[in-house]
Amino acid sequence: QLSADIFSQADRRYRHLLSGALTEAANRGELRLTRLGMEADTVAELLIRSAAGNELYGPTLPTPTTMKKRLDGLVRVFVAALDGTLVH
């Protein structure tokens, strides 16, 4: 509990940075946040929580390669859902 406020503050800052990046991408026409009817902050929160779940899924921690593949897939799903352009 002593460090809970530090983690909470870091979590808010990370969500704010990701939300800003999503907003900038939407402003450039790279993503359509309105397609899902969600604000950038909501999408950022969902993406962060989904990424955290990728690390916790399964009886053992995933290897860095597996984690990278999972995160790549997660980001691709989000980008496609937001009508963005996927880079190969």
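**Exercise 1.** Work out how R76 and D72 are paired, and how exposed each one is.

*Solution.* Start with the side chains: R76 and D72 form a salt bridge at 3.0 Å, N to O. (Helices are DSSP runs of H or I, at least four residues, numbered from the N terminus.) Now check exposure, where buried is under 20% relative accessible area, exposed over 50% and partly exposed in between, using a 1.4 Å probe and protein chains only. R76 comes out partly exposed at 26%, and D72 is partly exposed at 37%. Elsewhere, shared partners link D11, R15, D41, E45 and R49 into one salt-bridge network.

Before going on: this is a predicted model, where local features need pLDDT of at least 70, side-chain atom pairs count only at pLDDT 80 or more, and totals for chains, interfaces and linings use all residues. Residues are numbered from 1 along each chain as its sequence is written, and side-chain values use heavy atoms, leaving out hydrogens and water.

**Exercise 2.** Find which helices the R15–D41 salt bridge ties together.

*Solution.* First, the contact: the closest N and O atoms of R15 and D41 are 3.4 Å apart. R15 belongs to α1 and D41 to α2, so the bridge connects parts 26 residues apart in sequence. Lastly, R15 is among the buried residues of α1, while D41 is partly exposed at 37%.

Technical notes. Helix = DSSP H or I, 4+ residues; strand = E, 2+ residues; numbered from the N terminus. Salt bridge = Lys/Arg side-chain N within 4 Å of Asp/Glu carboxyl O.
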